[in-house]
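Hi,

Here is the structure I promised to pass on. Have a look at it first, and then read on for what turned up.

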Amino acid sequence: MSLLTDIEKVRAEFDDRLQSAPAGDDSFEELRIAFLGRKGKLAGLFSQLGSVKQTERPLTGKQLNELKSYVTERLSEFQSASAEAPEVVADIDVTLPGDPVPHGSIHPVTQIENEVKAIFGRLGFSVFYGPEVETDRYNFEALNFKPDHPARDMQDTFYLGQEQLLRTHTSNNQIHAMEQMDPPLRILMPGRVFRNEAINARSHCQFHQIEGLVVDRNTSMAELKGTLTYFARELYGPDTVTRFRPSYFPFTEPSAEMDVYWGLDTERDYRITKGTGWLEILGCGMVHPNVLEAGGVDPDEFTGYAFGMGIDRMAMLKWDIGDIRYFYEGDLRFLTQF
Ligand code: PHE
């Protein structure tokens, strides 16, 4: 068999193997050694050149040299193409459904807070946040608590040393807001509050309130009632019945508490409403002139109304949660239900 035929065979074999070689340096190296290496196929062909007939030698030599440059060129093309090609990752079935990604949930108290914010947002209230660590002035004094008021008692209030305490209600924000902004004001102030109370299923030493404050030139008790009745109907449904009972807070005058009619259809209703059918949902009143003054607002020019509600209990009622402690334990078995 002539060497020329072998040359063509080797070329065909090279083409074949190059075609089916997976991209990458390993293939390049393997082919380079197999064909151009010292003991490679081409070296083998070259070594037979001496035994070719004198007359055929120039042509055969030429063919062999051509094959060598052909293989060299193709291999170097293959190498640079491999460098550009992304690595092939085998065995991925892109039609398989993906792994489920666990998603978080919004804390029930936050959900109620968001709902309340949205309702008052539609009435033009914006949101304002104040500090949880407070001084006596903002939590009590500027809110018209007399120096010997029992709410200041250590049994009720957490003190942090001489000067500071944990706010016992979000009403501290009323003073901060009036100090920081000029009236008219129409603001909602959500936040966490703290009271030195024994922890059990019904009460906790921390809970959440949302405070509202309106300060303007001609606010009135009628506007307060209209605003809060609208709020109750947005939250509990358009047929919700409300009532206002006279009450007392040092920082409002007159003061009231608003109840919504819950009903007495089930045993649970009796329990929740203590047999009255009514549910107290917030405290409210016209801002006391002393409080306006403490906040730097002229009580002869402006009046205001304020309200405050606890939202943990609202969340407990909405989802029938029997124990307030669940809200503060971070137990995913509880939290992921909402
Ligand atoms: N701060 C009062 C409480 O904690 C609620 C309240 C706020 C009452 C604003 C009147 C006006 O019970």
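Start with Phe-120: leaving aside residues up to four places away in sequence, Phe-120 touches Phe-125, Leu-188, Thr-227, Leu-228, Phe-231, Phe-307 and Met-309. Bear in mind that this is a predicted model.

Phe-120 also belongs to the largest nonpolar core, which has 36 residues. Together with Val-116, Phe-231, Leu-282, Phe-307 and Met-309, Phe-120 touches the most other members of that core. Who supplies the residues? At least two each come from helices H5 (108–122), H8 (221–236), H11 (312–319) and H12 (332–335), and from strands E6 (206–216), E8 (252–261), E9 (278–287) and E10 (303–310). Apart from this core lies another one, of 22 residues, including Phe-128, Ala-177, Val-287 and Phe-302.

Now for the helix pair. H5 and H8 pack with their axes 10 Å apart, at an angle of about 130°, so H5 is oblique to H8. The crossing of H5 past H8 is right-handed. On the H5 side, the contact is made by Glu-115, Val-116, Ile-119, Phe-120 and Arg-122; H8 brings Thr-227, Leu-228, Tyr-230, Phe-231, Glu-234 and Leu-235. Sorted by class, that contact has seven nonpolar, one polar and three charged residues.

Is Thr-60 buried or exposed? With a relative accessible area of 1%, Thr-60 is buried, because the cut-off for buried is under 20%. Not counting residues up to four places away in sequence, Thr-60 touches Leu-3, Leu-4, Ile-7, Leu-49 and Val-52.

Cheers

Notes: Residues are numbered from 1 along each chain as its sequence is written. This is a predicted model: local features need pLDDT of at least 70, side-chain atom pairs count only at pLDDT 80 or more; totals for chains, interfaces and linings use all residues. Side-chain values use heavy atoms; hydrogens and water are left out. A nonpolar core is a set of buried Ala, Val, Leu, Ile, Met, Phe, Trp, Tyr and Cys residues joined through side-chain atoms within 4.5 Å. Buried means under 20% relative accessible area, exposed over 50%, partly exposed in between (1.4 Å probe, protein chains only). Helices (H or I, at least four residues) and strands (E, at least two) are DSSP runs, numbered from the N terminus. Contact means heavy atoms within 4.5 Å. Axes are lines fitted to C-alpha atoms, for helices over the stretch in contact, and angles run from 0 to 180 degrees between N-to-C directions. Angles under 35 degrees count as roughly parallel, over 145 as roughly antiparallel, 65 to 115 as roughly perpendicular and the rest as oblique. A crossing is left-handed if the near helix is turned anticlockwise from the far one by less than a right angle, and right-handed if clockwise. Ala, Val, Leu, Ile, Met, Phe, Trp, Tyr, Cys and Pro count as nonpolar, Asp, Glu, Lys and Arg as charged, and the others, Gly among them, as polar.
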